[in-house]
Amino acid sequence: MSKHFETNSIRINSSKSNQKEHSSPLYLTSSFTFDSAEEARAMFADEIQGNIYSRYANPNSSELIEKICAAEGTESGIATASGMAAMFGSIASLLQQGDHVLASRSLFGSTHQLLTRVFPKWGITSTYGDISDIENWEKLLKPNTKMLFIETPSNPGLQIIDLEWAGKFAKAHNLILVVDNCFATPYLQQPAKWGADIVTHSATKYIDGQGRVLGGLILGREELMKEVQFFTRHTGPAISPFNAWILSKSMETLGVRMDRHCENALKVASYFEGNAELENVNYPFLKSHPQFHLATKQMKYGGGIITLTLKGGLERAQKFIDQLQMISVTANLGDSRSIVTHPASTTHSKLSSEERLRVGISDGLVRLSIGLEHVDDIIEDIEKALQRSK
């Protein structure tokens, strides 16, 4: 294994067969055969390693996990059918009735729904902390707090949490630290280096990178991942071999794609900063970002997401979106194509208006996932839409 991200992402080919193929093949099979009854028994007893059933493991998913673990610096992992299956599995597998989660308030909308509507049915409760007030998070701890769940950069407010602080805080209070690393990808940030026990991804986003397939990842320490693997094996959120194959192939270009995403995003954010039609331009690697120094400390580059807050609120934001000619209107992100989303009315619409404002989501905010098109075309489309939406 190389010490370099790009080499491992390309050269780890653990699913190769005996046919001498150069590119990893697809293993479209639900089950695998055994050489004997004794071998089958030993595999089911975890005495020997091998493929049993694609709900448990498949050469394609195993290769994907090996690549991601090398990139994140984690010991083990599991691939799931979607990003939210990974978010669910990372919590449900490690907690039980009566446990409490301390989470950053700035979370993806569906993760918020898990914590506030799904897990309370199982007797798992949660409390939110504001990242601007981490000095007081100790006051939010309860005797039954077992997990610290954070997302950095946050979706969509691009708030940054100090991973070094989070790692030390979790260790001091014997908490399982779970970090959603979706926006940064392992190319830009490795939370395990700062003390994260579990790292999650919606691989649907940048790891795929072309808006084709769904997938999720849970990665972490071997000791914890045994619990996660037991849970996911028997609850069934397995990734399909085809999707795992796509995502493993996508890892080969993640580095060069993220370089371009970040380069374009910084240029777009810099160009529109101070625009008279905007109240705010938000991007982690702009010096105006309130956590610029923290972002540059723990991230290689600033990522591919920017937010614009338009003057005129909801009506102006909707007009702006409707006037875009090239940029796609969809709820996804991390695509090769630039994408615009209005979080307050879509991905975060289930939050109350007060909850949205507390995580920096106003009615005038739009989230832009900056793609791989020529940056001049992206800027022109945004600029014309701003003028036409007046």
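**Exercises: a pocket and a helix pair**

Helix 8 gives the lining of the largest pocket its largest share, seven residues. This is a predicted model, in which local features need pLDDT of at least 70 and side-chain atom pairs count only at pLDDT 80 or more, while totals for chains, interfaces and linings use all residues. Residues are numbered from 1 along each chain as its sequence is written, and side-chain values use heavy atoms, with hydrogens and water left out.

**Exercise 1.** Describe the largest pocket and its lining.

*Solution.* 
- Step 1: Start with the space, about 750 Å³. A pocket is an open set of points on a 1 Å grid over the protein atoms alone, where a 1.4 Å probe fits, with protein on both sides within 12 Å along at least five of seven lines; lining residues have an atom within 4 Å of a point.
- Step 2: Now find the centre: of 33 lining residues, Gln-49, Tyr-56, Ala-57, Gln-229 and Arg-233 are the closest to it.
- Step 3: Look for the elements that each supply at least two lining residues: helix 2 (37–44), helix 3 (59–72), strand 1 (76–80) and helix 8 (222–235). Helices (H or I, at least four residues) and strands (E, at least two) are DSSP runs, numbered from the N terminus.

**Exercise 2.** Work out how helix 12 and helix 14 pack.

*Solution.* 
- Step 1: Helix 12 (residues 313–323) and helix 14 (residues 375–388) have axes 8 Å apart, at an angle of about 130 degrees. Axes are lines fitted to C-alpha atoms over the stretch in contact, and angles run from 0 to 180 degrees between N-to-C directions.
- Step 2: Arg-316, Phe-320 and Gln-323 of helix 12 touch Ile-382, Ala-385, Leu-386 and Arg-388 of helix 14, where contact means heavy atoms within 4.5 Å.

Definitions and conventions
Grid points are joined across faces, edges and corners, and a volume is the space filled by probe spheres set on the points.
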